[in-house]
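Take a look at the structure below.

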Amino acid sequence: MTKAQSLWNQGVKIGAIGGVSVLIISLVGMVESFGKRDIIAGVLPMGVAIALIISILAAYMAAKKTPISEKSIQFANAVVSGLVISGFLAVFVMIGRSFNIREMFVGASPVLYNILTGGVAGAGGIFLLLLTGVLCGAFAGILYMLRDLPRKLTVNALLTIFILGLLQELILPILKAWDIGMINYLAGLFYTLNGLTPVGAILSVVIFCVLYLLWNANQGAVKSKYAALPKEARKKSQIAALIVLAVILIVLPQFLGLFLSEVITIVGLYVLLGLGLNIVVGYAGLLDLGYVAFFAIGSYVVALLTSPQIFAFGLNFWQALPIAVICGILAGVMLGIPVLKMRGDYLAIATLGFGEIIRILVLSDFLRPWLGGAQGIGSIPNPNLFGFQMVKPQHIYYLLLAGIILVIFISLRLKKSKIGRAWMAMREDEDVAQAMGINLVATKLLAFATGAGFSALSGAIFASKIGSVYPHSFNVFISINVVCIVIIGGIGSLPGIVVGAAVLMGLPELLREFAEYRMFVYGVALVIVMLLRPEGLLPEARHKMEFHDETEAGAKTVA
Amino acid sequence: MTKRFGGLVALNALNINVKEKSIHSIIGPNGAGKTTFFNCLTGFYRPEEGEVMFNGQSIVGLSPDRIVHKGISRTYQNIRLFPNLTALENVMVGYHVHLKSGFFGPILGLKKTKMEEEKARQIALDLLKYVNMEGREDTLAKNFPYGEQRRLEMARALASQPKLLLLDEPTAGMNPKETQDMMDFIQHMRGELGITIILIEHQMRVVMNISDIVTVFDYGKMIAEGLPEEIKNNKTVIEAYLGTGEAADSH
């Protein structure tokens, strides 16, 4: 390879990758369907924003990977990368306009071409597309050459606009719920029904920059002041923070309105599931892909005991709940026994099978007289607390909150105990753990049972909330969702799981267009997390050390 | 005992007696069956034929977690710590056999459980101090340099308060000073703690200096046994083993 060639190698290569990525996203239809929602109303549709972000990222990588440390070459590489990306798209548009490739690529519609070319027809559109690519590249190049502070400032400011625009459906109703003149005015200033206003965007950037710079200038002072506080005062401030958090959590449903309360409830159910799976996967290292089985068992037990449809037990929710949890625990033990000797992939497949077994059993005609078959079981009464019917999602929210707090409490207590250490030792090295006196059978069964119990708890609440259970609700995707939450949120990290559930379950509700591409996005997210941040979004402190610490004090370990 | 893996006879009618409170070394070429012997003692393998008697009791066929309860503990040829647990947690796992708390104790915050935890923690800290790793208890095990990992493994093995300690090549990869420290340490364990020690070693200096008895393996059989001085001059042993480029000279 000549010297000249090697200079541009990275730019072209990464540009190609970026180009293919944007192309795939366009062809899959994401750009088009996301185009209906705006980040900045009337100015920047979400689909375009995503394409731009990918292009800028690719160009930035191109600059970073340039083999020569000369600024002009790095900048040029970024521009080249951007140009290659838009080149791909331009060729695509030109082909698409001349031939009908719609039979092959459903997403290749005129609407898409319009979006890509900014609505300008013919050669002008193509030129505009290429120019956009060049500008993305140039922007990325400039970003790369900036020093740390301005770069972080710019990136985070733009990220803020993106997120604020994205979450318009979440933020706007909360602001409006206060119904105070001042806040209403602000809401109108920042938001329209479809994203940020241009004014809002600019204001957001300004406010963010001010806050960021202030924090940056003072964070050293604040942190050292905090560290210098006596332990007493620090503990007090931590407790104060927890109290504030508690107040926010308790008061939240009042501001959320019906739709958002629903969303929060779904997130809550998944947080509960995630916390339960955290014990099986995070603490004990047992890869369980059939977690939905216990969720289903919890739901069906509550359904059978409280609904008059099949049996007339006539129990109420609170009586059925402990029975549901116990049934879940027993099921956990039942699953655990045959898989005791399995490890890794085999364990995953076996547990996956168990999940499917439960689904097929509740769906079956054979068991229809007892389990309701494909029609499921309906008429499940809402929980009734001393005469107070828990009908609205806001009420279920409090029930979930109580459940989540209970599970977090149990998780934390177990982690610092003999059984917690036994689980973790088993996860690290099963044979040596056994050689330390840990009874593998009991320890594994206990992990499965505990996880299953929590899952059944979530299922019980789910059944009462929805009022009916259908076999189709309990499919493998629930298991997959929970595993994704745990991994992306951060294995073993309790706040991580809450964040993971909020992002992975909440966002698709807020961004309806996402729902169609859910699995695609999860897959991409998993890969990105594994590559860039394997410890998850909000990892435990120790896990961050785990994954990034190879260069620290440790000499090589013997394999 | 005899141990076979398919057609391979790893241990062939091996017969060994280990005296209480002795330091008993096992040497032999690689592949002679030394680690297999340890694995049979700790219940990881089950010998096809033979018996293992410990303190008058037969322990053959017991699973590894039961054997620890009997008072046998070991370290590994390739260090097998729990890499993502802290030093303190590693040692506390070693103490597992002495903890009685169950599932509900920790959840309910029972006083008995709390006291037991505190005691375990204190014992672990003391053990870390004993192996000169005081103050490092919250570092992840995988972040320690090699020598400290070996010592950590030692602390973990001691946490179960064993009567018999099996050390598998404890000085592998160590420089002369570290080796000397380890030798002193082993003798201290026998002297102060009264632990019987079986040692697999390749460094002749160590073997000659601290062992009470030396057994030599080759091809799964014992080919010689006796005092270090006797072994050093034993013709069969020299033919089979010594002089193969190991640090053969002791002083």
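## Domains 1 and 2 of chain A

In this predicted model, 8 residues of domain 1 of chain A are in contact with 12 residues of domain 2 of chain A. Two residues are in contact if their C-beta atoms, placed from the backbone, lie within 7 Å. Strand β1 (residues 38-40) of chain A gives the most to the domain 1 side, with 3 residues. Helices (H or I, at least four residues) and strands (E, at least two) are DSSP runs, numbered from the N terminus. That side of domain 1 of chain A holds 6 nonpolar, no polar and 2 charged residues. Here Ala, Val, Leu, Ile, Met, Phe, Trp, Tyr, Cys and Pro count as nonpolar, Asp, Glu, Lys and Arg as charged, and the others, Gly among them, as polar.

The C-alpha centres of these two domains of chain A lie 28 Å apart. Chain A is assigned domain 1 (1-145), domain 2 (152-218) and domain 3 (249-544). Domain bounds come from an automatic or database domain assignment.

## Domains of chain B

Chain B has domain 1 (1-71 + 162-251) and domain 2 (84-157). Their C-alpha centres lie 27 Å apart. Domain 1 of chain B puts 7 residues into the contact, and domain 2 of chain B puts in 5 residues. The domain 1 side divides into 4 nonpolar, 2 polar and 1 charged.

## Nonpolar cores

A nonpolar core is a set of buried Ala, Val, Leu, Ile, Met, Phe, Trp, Tyr and Cys residues joined through C-beta atoms within 7 Å. Buried means that 20 or more other C-beta atoms lie within 10 Å of a residue's own, with C-beta atoms placed from the backbone. The largest core has 165 residues; L272(A), I297(A), V302(A), A425(A) and V91(B) touch the most other members. Helix α12 (residues 253-283) of chain A supplies the largest share, 16 residues.

Which residues does V302(A) contact, leaving aside its neighbours within four places in sequence? They are F317(A), A320(A), A324(A), I380(A), A460(A), A463(A) and S464(A). A second, separate core has 49 residues, including V22(A), A41(A), M61(A) and A201(A).

## Where the chains meet

Chain B brings 34 residues to the contact, and chain A brings 32 residues. On the chain B side, α2 (64-70), α3 (87-94), α4 (104-108) and α6 (146-159) each give two or more residues. This side of chain B divides into 18 nonpolar, 10 polar and 6 charged.

## Reading the model

Residues are numbered from 1 along each chain as its sequence is written, and chains are lettered from A, with ligands numbered from 1, in the order in which they are written. Local features need pLDDT of at least 70, side-chain atom pairs count only at pLDDT 80 or more, and totals for chains, interfaces and linings use all residues.

How values were computed
Buried ≥ 20, exposed ≤ 12 C-beta atoms within 10 Å, placed from the backbone.
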